Amino acid sequence: MSTILTEADMGINISRQTDLAGNVYLQKFVGRTHIHHDDLEFWRALLNYNISIPETSQDQLNLDSRLESLCQSFISNNLKTGNFGSLIVVFLEKVAELLSLSDQESNLHIWQTFNALFIIRTVIKYIIETGSEFQLLQHFEAIPNEELLKAEEANLTAVTAENVAIGMEANGNDEAAAAINTAVMVDGSKFETFIDAIVNLIVVIPVKEFTYHLHLESVNCLITLLSVHLFTQQAAEKLIIFRTIYKCQHANVLMSALLHFVARLVEVPPTMFGNSSTGSFVFGIAESLLSIFSFRKQQDILKISGATGLELSLQFRQHFPLANQSLLLILILTNHCTSKGNAYRASLFGCADSKESPKEGSNTFQIDFSAVYETLCRVVTIDQATLLLYLLLHRNERFYKFIMTQPDLEKLVTPILQTLYNAPDSTSHHIYMSLIVLLILSEDDGFNKNVHNIILKNVTWYTERTISEISLGGLLILVVIRTIQYNMLKMRDKYLHTNCLAALANMSGQFRNLHPYVAQRLISLFETLARKHTRLDAQLKEPVNSAVFVNVSTTPEDMMQDLTVLEEVLRMVLEILNSCLSNQLVYCPNLVYTLLYKRSVFEGFRSHHAFQDIIQNIDMVVGFFSSRLQRVQEQRGELGVNEVFEVISKGASQWSSDRLRKFADLKFKYVEEDAPEEFFIPYVWTLVCKYGCVHFSSESIKGVTAEISC
């Protein structure tokens, strides 16, 4: 039978956030006196503290300012005292104990292990932001002077040759020489053991209400260690921290645990280490310990499925921090060190559905694809979720096939379309990745057919026009067309509209039952681009000194390039229309109707060398139905809309696509560009800084990611 202990029972002094600088235990820890890891009384006193975890950049700045003097003292003294190493040993011992304790026994250990890890992460973050990787490893391995003397007497090498070389390469000869003079052992053994302990916390201990924050802190610690990439100009492959983490033998189980954290989408508990009914030690002092944590009660948590964009990102981070941070860590691990057998990347790309029978000899993990799918459907409008979806669709063949079998694809596709529709509220990277996801989906003929069978009602966020009912395929066409027009006016990114048109082209052979408004927008897209082409062509034919060249910053060369791009787009739109007419004319009466109504928009392009071959097909379709309408009109007189559709429907049943000139099927496949890390690594770290729970000093960021704003 468990009993509730109080602060008085344990003789505990609780450290508070407001008196950090004056805390005697922290002062002793960063001071000049060595504290042995066996000094249980000191470590128990030091680790019985409570502090608000920084949740925003301002929180982090406030904490950093209060810790500044303590951190400076730590840097000055730790290489002589080795107190950080003692804390690491204490942490390792507590992790070992946790792995053998039962739930009821472990609450106190979890609380103190969490506190130890929070101090360790704080120190790591300070050294990485203000110093170097080599300095951090020195502090990990530092031992007190008395032990150094004994080590020297035993003829032990203080600094291994390999790490001196790495230190010299990273920081210059002066710092390497200083490292030798301080005689601090940096063989990396303690650091490797520490990494193994962090991984064990994540993968072995089950996620429960009272372990949630320990898992979160473990994930945050790995992110903080890997953030060394932000504060150096060295390649990640050359950094000891990266080399240690990437040679981890547990990459497969770590990736499995992180993706499970994302898929399960466990909400942050209202308190940190359990509830009062457990009778645990921590909740005996819950009121005094946890009152400054601002967790919301379960019933007050907003349903994130109703939010989009930045609002959803903030809610996701606030209410599901473990899922959020695990997702970010997955992206970091899979996008770095891609050229040298990244085990994390291979693990993610090879994972299988837990409902499948495991394949013999498979080294990957299994996870419930349905849970991953449901979570992605809920949060896919967040940048980092879109990026994870991209990685899984593009690289994991099993997951791609699973997605294609889902009967409720609208749950995944509609939020992506909403992101594109609200393009001004998103980053160009997010828009680009959302389009790439659509392009990858459109590579499957089954997808292209199924989206026209899924009917949506009252899509309230689409405000261009009130549409009570539309197919998912129709909505997809509308949003992609809008994105093309937005890009042509605002972003002028050739690759963006190329990907938009590629997705439409892949789908065009399966266009069916197009809504009248969708058909109108397809022709309107050509009409808008045609007018722009006509204006640009006229400007180029005018003399250079003509008043037509109002914008002096636009040269004729620029305009010629714009005209070339515009002609490529116009050609692609015509190919999309032709593909639909060649394959699905009988199922697209609204498109035929719109072509008849808007036939004049093609007038100026029939003799243009870039378009005339494909316009001949469109003219043939228009001519066939025009002649039938004319004959019926001669018999009946003026025809109403319903009568026109009756003629189109009857004519479509007698139409043969063999009359049309054959063109190659429109099939585009997304191919990742060379050196993708140049795009993905800065993007991932931008997401970590913008949406993560760990906030870094933007002033110290260096190298290729210097543009990142934290």
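Tutor: Begin with contact: heavy atoms within 4.5 Å. Leaving aside neighbours within four places in sequence, Phe194 is in contact with Ile88, Phe91, Leu92, Leu117, Ile120, Ile124, Phe140, Cys221 and Leu225. This is a predicted model: local features need pLDDT of at least 70, side-chain atom pairs count only at pLDDT 80 or more, and totals for chains, interfaces and linings use all residues. Residues are numbered from 1 along each chain as its sequence is written, and side-chain values use heavy atoms, with hydrogens and water left out.

Student: Which residues have the most contacts inside the largest nonpolar core?

Tutor: A nonpolar core joins buried Ala, Val, Leu, Ile, Met, Phe, Trp, Tyr and Cys residues through side-chain atoms within 4.5 Å. Buried means under 20% relative accessible area, exposed over 50%, partly exposed in between (1.4 Å probe, protein chains only). Here the largest core has 228 residues, and Phe91 and Phe194 have the most contacts inside it. Helix H6 (residues 103-130) gives the most to this core: twelve residues. Helices are DSSP runs (H or I, at least four residues), numbered from the N terminus.

Student: How many salt bridges does the structure hold?

Tutor: Side chains of opposite charge can pair when their charged atoms come close. The criterion is a side-chain nitrogen of Lys or Arg within 4 Å of a carboxyl oxygen of Asp or Glu. The structure holds 21. One of them joins Glu217 and Arg121, with closest N and O atoms 2.4 Å apart. Glu217 lies in helix H12 (residues 212-226) and Arg121 in helix H6, so the pair ties together parts 96 residues apart in sequence.

Student: Are Glu217 and Arg121 buried or exposed?

Tutor: Both Glu217 and Arg121 are buried.

How values were computed: Helices (H or I, at least four residues) and strands (E, at least two) are DSSP runs, numbered from the N terminus.
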